[in-house]
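Q: Here is a structure to go through. Please take the assignments in turn and set each value against its definition.

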Amino acid sequence: QRIAPPSSPPFGTKLVEDWTNFLIGIGVQRGLQPKSVETKHLIPAWRVSNFDFLKDLNLPESIGLLLKKDISTRLGTVLNLPTSTNYDVGPLWWLPGQADVDDFSDDALESYARLIVEWIGRAEHRHFWTEVKHQHNYRSDSREWPTPLAAFLRSAAWVPCDEPGGESHRR
């Protein structure tokens with residue numbers, strides 16, 4: 001059964017505040033929002049160290065490559081784990097579209113960058129760091145690694161700019 005005929009506009013101008021509260025209540029958000037994914041089981045150390053487990057979470061291989069590069073350049077952040085045990089990996093945050101920025105047009109990249117800049121003021125610590133804990137010795141073998149979101153932002157792949165190269169500029 002219809003609430004209103006198809007010819008009626010879904011949002012009138014009289015109840016804007018009510019509609020806004022309704023949309024917020026059902027989870028509609030403004031702009032680009034990060035997503036998180038969590039592992040449901042312990043992961044062997046070798047799969048954590050080479051980010052092989054990301055495919056179980058349906059994250060592209062490019063995210064693992066980006067994380068490896070990012071972790072290797074951070075002072076005090078170690079990628080090596082004792083290989084004889086399992087680890088619990090905390091939530092991994094990422095932005096929709098971050099694995100596709102190389103395919104964006106210049107206009108799309110500029111729009112995407114604007115959305116990131118608009119969102120970044122609402123970012124929280126959890127968006128940038130995740131805890132990797134040893135199965136048994138979590139008090140002595142626990143470390144924070146950057147999330148895919150943190151590695152992506154640090155890579156600056158999302159920043160639209162021209163690089164001089166040869167006779168022309170390239171993105």
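A: Strand 2 and strand 3 (residues 86–89) run antiparallel and are joined by two bridges. This is a predicted model: local features need pLDDT of at least 70, side-chain atom pairs count only at pLDDT 80 or more, and totals for chains, interfaces and linings use all residues. Residues are numbered from 1 along each chain as its sequence is written, and side-chain values use heavy atoms, without hydrogens and water.

Q: What makes strand 2 and strand 3 a pair?
A: Two strands pair if DSSP finds at least two bridges between them. Strand 2 and strand 3 have two bridges, so they pair. P44 stands opposite N86 in strand 3. Strands themselves are DSSP runs of E, at least two residues long, and helices are runs of H or I, at least four, both numbered from the N terminus.

Q: Which strands are called edge strands, and why?
A: The open sheet has four strands in the order 2-3-5-6, with antiparallel pairing. Strand 2 (43–44) and strand 6 each pair on one side only, which makes them the edge strands.

Q: Which residues of helix 3 are buried, and on how many sides?
A: I63, G64, L67, D70 and I71 are buried (under 20% relative accessible area, with a 1.4 Å probe and protein chains only; exposed is over 50%, partly exposed in between). They cover an arc of only 130° around the axis, taken from the directions to the C-beta atoms, so they lie on the same side of helix 3. An α-helix has 3.6 residues a turn, so residues three or four places apart point the same way. On the other side of helix 3, E61, L65, K69 and S72 are exposed.

Q: Why is the pair of F104 and Y112 called edge-to-face?
A: Rings of Phe, Tyr and Trp (its six-membered ring) pair if their centres lie within 6.5 Å; planes under 30 degrees apart are stacked, over 60 edge-to-face, the rest tilted. By this rule there are five aromatic pairs. For F104 and Y112 the centres are 5.2 Å apart and the planes at 80°, so the pair is edge-to-face. Y112 and F152 are also edge-to-face, at 6.4 Å and 65°. That pair links helix 4 (residues 106–120) to helix 6, 40 residues apart.

Q: Why is F152 called buried?
A: The relative accessible area of F152 is 2%, so F152 counts as buried.
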